Amino acid sequence: ALCYRRLTYRQAVCLIVLLGLLMRLGYVMYSPAQLRQHDFYDTNGHLSYIMNFVNGGGLPDSNEWQYYHPPLHHFIFSLFVRFFHLLGRTETTALCESLQYISGFYSAAMMVVAWRFLCISGIGRRATLAAMAVFCLHPTFYVMGGSMNNDDLMLLLFFSSLLYLLRWYQNPGWKNSLLLGVCIGCAMMAKTSAALLAPVAVVVFLIKLCQLWRQRGGLRGVLPIVGRLAAFGAVSLPLGLWYPIRNLIAFGQPLGYVA
């Protein structure tokens with residue numbers, strides 16, 4: 001308690017983040033790659049999806065089991081697998097142990113995104129410290145950091161989308177509109193369930209448009225924002241929906257399908 005009273009605000013935040021980083025790194029180091037993995041090693045699992053890219057197969061030719069997922073996570077992991085091959089790591093167990101560190105990086109990067117979100121949210125220092133403590137030290141996040149499915153990448157992009165949604169609300173310029181579109185589109189390209197962001201974003205867009213309508217005196221005042229929202233949609237929709245639509249056409253897979 002005495003040490004806590006002597007810590008400055010920034011020191012307390014740095015300590016919490018450092019503890020979160022140590023928990024993630026420690027979990028990745030002491031947990032074998034096959035531990036607590038329920039959808040990675042089996043037939044048509046995530047590893048098979050990744051190796052399909054590595055072996056030049058491209059997109060899966062079915063939507064069986066984990067093949068129904070969009071490919072962003074698996075394509076990124078396939079690039080790392082090829083890099084590890086160059087380093088002489090070709091045995092499956094060794095490869096998977098190495099890939100764990102990529103998921104651990106995603107989980108660690110979420111702490112930075114959460115910190116930036118809280119800094120501009122205006123919730124106050126005590127609430128920020130409490131939120132960072134939960135975010136950095138909750139077992140869900142560091143256990144997930146040792147997993148090799150697509151959840152970590154989706155969550156990193158999900159939280160990045162919330163960050164840029166808040167930035168867009170504060171400054172609805174072109175930069176924030178386009179970056180928000182990229183984040184939401186890529187989050188959905190990692191895992192389709194990131195579409196849960198859509199109703200949240202729509203509500204924020206409507207609130208901002210109503211505010212600007214009152215402040216700027218009608219339709220002329222909000223037309224520039226409507227154009228930026230159109231650009232947001234032109235970026236996010238193709239990124240987020242091309243794979244579900246591809247599977248709908250190729251395999252009759254319903255939109256929003258979960259295996």
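Predicted model: local features only at pLDDT ≥ 70, side-chain atom pairs only at ≥ 80, totals over all residues.
**Charges over rings**

Then I turned to R167. R167 lies over the face of Y164, at 5.1 Å from the ring centre.

**Aromatic pairs**

I looked up the aromatic pairs and found 17 in the structure. One of them joins Y27 and Y30: the ring centres are 5.6 Å apart and the planes stand at 70 degrees, so I noted the pair as edge-to-face. Both residues belong to helix 2, three residues apart, which is about one turn of the helix. Are Y27 and Y30 buried or exposed? Y27 has 4% relative accessibility, so I put it down as buried. Y30 has 60%, so I put it down as exposed.

Next came F83 and F84. Their ring centres lie 5.9 Å apart with planes at 55 degrees, so this pair is tilted. F83 is partly exposed, with a relative accessible area of 44%. F84 is buried, at 9%.

I also followed a cluster. Ring pairs link Y49, F53, Y67 and F75 there.

**Positive phi**

I kept one rule in mind: most residues other than glycine have a negative phi. Then I checked N44. Its phi is positive, about 60 degrees, although N44 is not a glycine. I located N44 in the loop between helix 2 (9-30) and helix 3 (46-54). Its relative accessibility is 22%, so N44 counts as partly exposed.

W65 was my last entry. Its phi is also positive, near 45 degrees. W65 sits in the loop between helix 3 and helix 4 (72-86). With a relative accessible area of 34%, W65 is partly exposed.

Key
Residues numbered from 1 in each chain as written. Heavy atoms only, no water. Helix = DSSP H or I, 4+ residues; strand = E, 2+ residues; numbered from the N terminus. Buried < 20%, exposed > 50% of the residue type's maximum accessible area, 1.4 Å probe, protein only. Phe/Tyr/Trp six-rings, centres within 6.5 Å; stacked < 30°, edge-to-face > 60°. Lys NZ or Arg CZ within 6 Å of the ring centre and 35° of its normal.
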